[in-house]
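This report describes one protein chain for a reader who has not seen it before.

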Amino acid sequence: MLPLMDMLTQGANGAVLEQIGRQYGLTSAQAEQAIAALMPAFSVGLKRNAHDPYGFTRFLDALSSGRHAAYYDNPSEALDSQGVEEGNAILGHLFGSKELSRAVAAQAAQATGISQSVMKAMLPALAPMIMGGLFKQLNEAATGAGNPMMNN
């Protein structure tokens with residue numbers, strides 16, 4: 001599986017940074033910097049869920065439901081109200097509280113110089129895109145797609 005940052009930036013045929021930047025008034029380089037600052041929190045949240053049997057089951061249920069692959073392939077859908085609503089639900093599972101989400105946004109803002117309000121708005125948009133990328137990677141791994149050893 002790809003690291004989260006690499007996976008995310010490959011979404012939408014590599015246009016994620018441009019779309020995120022346009023949405024939040026950032027350059028592609030700033031969008032990449034913002035996303036990179038948020039990825040460690042997503043990674044920790046995913047790992048925490050994976051190590052808890054109940055959390056892992058809920059994670060797999062969430063991963064298999066919803067329109068996650070569409071959010072990964074077309075980030076503009078993750079930026080609309082339904083995508084953000086779904087993203088907030090994902091953040092609730094990953095971080096456990098709005099306070100922790102706000103703290104993640106504040107820390108990323110401090111690290112990048114990008115406003116906390118932009119980081120806070122970006123979190124629920126990134127969450128369904130990340131889930132979509134994970135869904136696609138797991139689906140490809142399960143079916144052997146993209147693995148030449150599985151196609152022999």
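Helices here are DSSP runs of H or I with at least four residues, strands are runs of E with at least two, and both are numbered from the N terminus. The model is a predicted one. By that definition the protein chain has nine helices and zero strands. Its pattern along the sequence reads α-α-α-α-α-α-α-α-α.

**Overall form**

The C-alpha trace of the protein chain spans about 50 × 35 × 25 Å along its principal axes. A compact globule with 152 residues would have a radius of gyration near 15 Å, and the protein chain agrees with this because its value is 15 Å. Of the 152 residues in the protein chain, 42% are buried. Among the contacts between residues at least 6 apart in sequence, 72% join residues that are at least 24 apart.

**Pockets and cavity**

Rolling a probe the size of a water molecule over the atoms shows where empty space is left.

| Space | Volume | Lining by class |
|---|---|---|
| Largest pocket | About 210 Å³ | Three nonpolar, four polar, three charged residues |
| Second largest pocket | About 160 Å³ | Seven nonpolar, two polar, one charged residues |
| Largest cavity | About 70 Å³ | Five nonpolar, two polar, one charged residues |

Which residues line the largest pocket? They are Asn88, Leu91, Gly92, Ser97, Lys98, Ser101, Arg102, Lys120, Leu123 and Pro124. Helix H7 (81-95), helix H8 (98-112) and helix H9 (116-143) are the elements that give two or more residues to this lining.

The second largest pocket is lined by Leu4, Ser43, Leu46, Lys47, Ala50, His51, Phe56, Phe59, Leu60 and Leu134. Two or more residues of this lining come from each of helix H3 (28-51) and helix H4 (53-64). H3 provides the largest share, five residues.

The count of cavities of 30 Å³ or more comes to one. Asn49, Arg58, Phe59, Ala62, Ile90, His93, Leu94 and Met131 line the largest cavity. The elements giving two or more residues to the lining of this cavity are H4 and H7.

**The aromatic pair**

A pair of aromatic rings is described by the distance of the centres and the angle of the planes. How many aromatic pairs does the structure hold? The structure holds one. Its members are Phe42 and Phe95, with ring centres 5.8 Å apart and planes at 45°, so the pair is tilted. For this step, planes under 30 degrees apart would count as stacked and planes over 60 as edge-to-face.

The pair links distant parts of the chain, since Phe42 lies in helix H3 and Phe95 in helix H7, 53 residues apart.

Definitions and conventions:
Residues numbered from 1 in each chain as written. Predicted model: local features only at pLDDT ≥ 70, side-chain atom pairs only at ≥ 80, totals over all residues. Heavy atoms only, no water. 1 Å grid on protein atoms, 1.4 Å probe; cavity = no way out; pocket = protein on both sides within 12 Å on 5 of 7 lines; lining within 4 Å. Points joined across faces, edges and corners; volume = space filled by probe spheres on them. Nonpolar A, V, L, I, M, F, W, Y, C, P; charged D, E, K, R; others polar. Phe/Tyr/Trp six-rings, centres within 6.5 Å; stacked < 30°, edge-to-face > 60°. Rg over C-alpha atoms; globule rule 2.2 N^0.38 Å. Buried < 20%, exposed > 50% of the residue type's maximum accessible area, 1.4 Å probe, protein only. Contact = heavy atoms within 4.5 Å.
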